[in-house]
Amino acid sequence: MKTAIITIVLLIISNVFMTFAWYGHLKLQTSGISKNWPLYVVIAVSWGIALIEYCFMIPANKMGFKENGGPFTIFQLKITQEVISLAVFTVIAVMMFQGQKLQWNHIAAYVCLMGAVVFAFLPGK
């Protein structure tokens with residue numbers, strides 16, 4: 001159980017960094033900080049943030065993988081990571097991009113994704 005919790009915490013941390021790597025530059029642009037940055041600078045900064053993300057994601061996958069002694073199959077790891085990614089994205093998007101509203105159809109989509117997690121953890125045989 002401890003390995004599962006550590007894996008999930010590492011996945012959450014990695015997804016915070018990845019969300020900033022993918023979408024943070026949009027907020028920097030709208031706030032005027034990076035408005036005149038050339039695209040290659042934006043890419044380089046995003047890659048730097050993504051490198052930090054990998055420092056959490058790789059250990060999470062390595063320790064969480066069943067064949068390495070962890071509790072998750074490769075499919076369970078990926079599906080869990082995707083749901084965490086969307087949850088982290090939602091929190092950051094609502095906080096950083098005030099004009100973006102979480103609507104009923106987004107919540108319905110998340111409920112469907114949680115159903116995917118349930119199915120991924122059911123016995124397959």
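1. Ala-60 touches Thr-7, Leu-10, Leu-11 and Leu-77, leaving aside residues up to four places away in sequence; contact here means heavy atoms within 4.5 Å. The model is a predicted one, in which local features need pLDDT of at least 70, side-chain atom pairs count only at pLDDT 80 or more, and totals for chains, interfaces and linings use all residues. Residues are numbered from 1 along each chain as its sequence is written, and side-chain values use heavy atoms, with hydrogens and water left out.

2. Ala-60 also belongs to the largest nonpolar core, whose eight residues are Leu-10, Leu-11, Met-57, Ala-60, Ile-84, Val-88, Ile-92 and Met-96. Such a core is a set of buried Ala, Val, Leu, Ile, Met, Phe, Trp, Tyr and Cys residues joined through side-chain atoms within 4.5 Å. At least two residues of this core come from each of α1, α2 (39-64) and α3, and α3 gives the most, with four residues. In soluble globular proteins, nonpolar side chains tend to be buried together.

3. The chain has four helices and zero strands, running α-α-α-α from the N terminus on. Helices (H or I, at least four residues) and strands (E, at least two) are DSSP runs, numbered from the N terminus.

4. Val-94 lies in helix α3 (residues 74-96). Val-94 counts as partly exposed because its relative accessibility is 40%; buried means under 20% relative accessible area, exposed over 50%, and partly exposed in between (1.4 Å probe, protein chains only).

5. Together with Leu-102, Ile-107 and Val-111, Val-94 forms a nonpolar surface patch with about 330 Å² of accessible area. Patches are made of residues with over 30% relative accessible area and no salt bridge, with like charges joined within 9 Å and nonpolar side chains (Val, Leu, Ile, Met, Phe, Trp, Tyr) within 5 Å. A salt bridge is a side-chain nitrogen of Lys or Arg within 4 Å of a carboxyl oxygen of Asp or Glu. Accessible areas come from the Shrake-Rupley method with a 1.4 Å probe, and for residues, only the protein chains shown count as cover.

6. Thr-30 is placed in helix α1 (residues 2-30) and is exposed, at a relative accessible area of 62%. Its C-alpha atom is separated by 16 Å from that of Ser-46, 16 residues apart along the chain.

7. Of the 125 residues of the chain, 26% count as buried. The chain exposes about 8600 Å², of which carbon and sulfur atoms supply 74%. The C-alpha trace spans about 55 × 35 × 20 Å along its principal axes.
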